[in-house]
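Me: I would like a close look at a single part of this model. Please set that part in the context of the whole chain.
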Amino acid sequence: MSDDTSASGPGFTVEEVDSVTPAPRARVEDAPDQLVPGEQGAPERRRDYLDGFLAEKPQGIDPSQPGGAIYDGVIDALKEIFDPEIPVNIYDLGLIYGVDVSPESSVAVTMTLTTPHCPVAESMPGEVEMRVAAVPGVRDAEVNLVWDPPWDMAKMSDEAKLELGML
């Protein structure tokens, strides 16, 4: 490598050194005195770009659609109901096949049970109906118990599988 300038353009030079002085490390005692934001001379506090972003709900979403207040309230209510034999809520267990919210705020839940001979086959649909009907904004609730397609462990969420030690 040379430091000659050729016809194609300027070249570069290489300088060899034995050592370099390391950059100074930041020390707490070197920091300027802290001023309260808003006081004269205080630097303006930058807002965290995520501040409020994660807490904000999407605007213009129909309350009856996923992400809407009623739909999300129904899902939260379903996540509070636990199967008595398996320590996982019925939503993550995959027992809920569908949640339909009409424009009039009527909710229809399509669900199944782990087996037709489940000990809570008589009481679980009533509990689901009662919990869903108690969600603010829900006019009335209906539970449709179906057996087709049959429930299997593949319908469980990853959270449920992790809770049961299946992952």
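Which backbone oxygen does the side chain of Thr112 reach, and at what distance?

Reply: The side chain of Thr112 reaches the backbone oxygen of Val146, at 2.7 Å. A polar contact here is a pair of N or O atoms within 3.5 Å; within protein, one must be able to donate a hydrogen and the other to accept it, and residues adjacent in sequence count only if both atoms are side-chain atoms. The model is predicted, with local features requiring pLDDT of at least 70 and side-chain atom pairs counted only at pLDDT 80 or more, while totals for chains, interfaces and linings use all residues. Residues are numbered from 1 along each chain as its sequence is written, and side-chain values use heavy atoms, leaving out hydrogens and water.

Thr112 occupies the loop between strand E2 (106–111) and helix H2 (124–133); helices (H or I, at least four residues) and strands (E, at least two) are DSSP runs numbered from the N terminus. Thr112 counts as buried because its relative accessibility is 0%. The term buried denotes under 20% relative accessible area, exposed over 50%, and partly exposed in between (1.4 Å probe, protein chains only). Leaving aside residues up to four places away in sequence, Thr112 touches Leu95, Tyr97, Leu145, Val146, Trp147 and Trp151, a contact being heavy atoms within 4.5 Å.

Ser105 is placed in the loop between E1 and E2. Its phi is near 70 degrees, a positive value in a residue other than glycine, and Ser105 is likewise buried, because its relative accessibility is 16%.

On the helix side, Met124, Pro125, Val128 and Val132 are buried in H2. They lie on the same side of H2, because they cover an arc of only 100 degrees around the axis, the arc being that of the directions from the helix axis to the C-beta atoms. These buried residues pack against H1, E2 and E3.

The largest nonpolar core has 30 residues, of which Val74, Leu78, Val99 and Val128 touch the most other members. Such a core is a set of buried Ala, Val, Leu, Ile, Met, Phe, Trp, Tyr and Cys residues joined through side-chain atoms within 4.5 Å. At least two core residues come from each of helix H1 (69–78), strand E1 (96–101), E2, H2 and strand E3 (140–145); H1 supplies the largest share, 6 residues. Val74 touches Val99, Val107, Val132, Val135 and Val138, not counting residues up to four places away in sequence.

Pro149 lies in the loop between E3 and H3.

For the chain as a whole, 3 helices and 3 strands run α-β-β-α-β-α from the N terminus. Buried residues account for 29% of the 167 residues. Of the contacts between residues at least 6 apart in sequence, 53% join residues at least 24 apart. The mean pLDDT (the predictor's confidence in each residue, from 0 to 100) is 82, with 78% of residues at 70 or more. Confidence is highest in E2, at 95, and lowest in helix H3 (residues 158–163), at a mean of 89.
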